[in-house]
Amino acid sequence: MATIPWLADVLRAAGVQVVEEGDWRNRMRPGDFNPIGVLWHHTAATSSATNPHPALNICINGRSDLPGPLCQALVDYHGVFHIISAGRANHAGTARASGPIPAGDGNTMLIGWEIDYNGVSQEMTAAQYNASIAATAAVLKQLGKDSSYARGHRETSTTGKIDPSFIDLNVMRADVAAKMSGGTAWSTIVDNTTAGRFTASANWGVSSYSSQRYGADYRYADPVAASDAAWYKVNIPATGNYRVDAWWPANAGYNSSAPYVIATSTGNVTVNVDQRATGGQWRSLGTFNLPGGDANRVGVSRWTSGTGLIIADAIRITRVS
């Protein structure tokens, strides 16, 4: 059985903060372990700045129905990697085929990160995400594999697992690929105040009411049975696949189904979002093939059956492939 005693050193070399938990090099389950990829999970425990790794003990020692270790590393609230096992761990179970990962014994094929957040009312922190990207890139380089060998448990599970929640796994792989190449993906932000990049009719008011706004202020309008879109103009460097994110301040009086219109290579695609919630952060609208060139690429329409003010604040576009 192979082991990965190099794990802590490889992660530290990649700039990841590491804590070695006990005799992790000799803590493992019996059976084959010949990893070809990395699998992301969430623990379903609620972490916080003052309780950053509530699931650590379970991941080391297991549960009454599943003996530990339950992963190779746990990623705490602050993005610290707690190294638990250099060998086989009970984290993946039976795997269905996903990307280049074949169907079979996931515990044999995959190195598992348990990212400590609950995945229902809590997302992973930026520190957890960034550390997991860096660690995944470093380990895949060590294994001689590309970013397609990074998967989420929901992609390989045969029992309906949902982890890791609240992330786009295609974006995750694109971020891993960028990290492995030593570069960063092309990205741009357009705010409602970006000169020459935002247009809206006089029907769109200006507000700085919410502290969740991006920048100095944002625009708002009542819903009507007409588009009257506020548009963000973006100079896309080349035709390709891009992640489109939106930022809005959330408020109970804002729109329950605000339409974002993305001008893709094959026509306009509308994505509706609930602006009453999850404000003050970047939220992914999806990944789309966008044509190269300088044009209106994302609009916020007023035509919706939702109730409440429609908000146009900021958008971000990032190339993923």
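Of the contacts (heavy atoms within 4.5 Å) in the chain with a separation of 6 or more, 74% are accounted for by residues 24 or more positions apart. The model is a predicted one, in which local features need pLDDT of at least 70 and side-chain atom pairs count only at pLDDT 80 or more, while totals for chains, interfaces and linings use all residues. Residues are numbered from 1 along each chain as its sequence is written, and side-chain values use heavy atoms, with hydrogens and water left out.

Six helices and 22 strands make up the secondary structure; these are DSSP runs, numbered from the N terminus, with helices being H or I of at least four residues and strands E of at least two. The C-alpha trace spans about 70 × 40 × 35 Å along its principal axes. Buried residues, meaning those under 20% relative accessible area with a 1.4 Å probe and protein chains only, form 52% of the 321 residues.

Met 172, leaving aside its neighbours within four places in sequence, is in contact with Trp 40, Tyr 129, Ile 133, Ala 150, Arg 151 and Ile 167.

The backbone also has some points worth a look. Most residues other than glycine have a negative phi, and most peptide bonds are trans. Gly 68 and Pro 69, however, are joined by a cis peptide bond with omega of about 0°, and Pro 69 sits in the loop between strand S4 (66–67) and S5. The bond from Asp 163 to Pro 164 is cis too, with omega near 0°; Pro 164 belongs to the loop between helix H5 (153–156) and H6. Phe 166, in the loop between H5 and H6, has a positive phi of about 70°. Because its relative accessibility is 42%, Phe 166 counts as partly exposed, the class between buried and exposed, the latter being over 50%. Asp 228 has a positive phi of about 40° and lies in the loop between strands S14 (218–221) and S15 (230–236).
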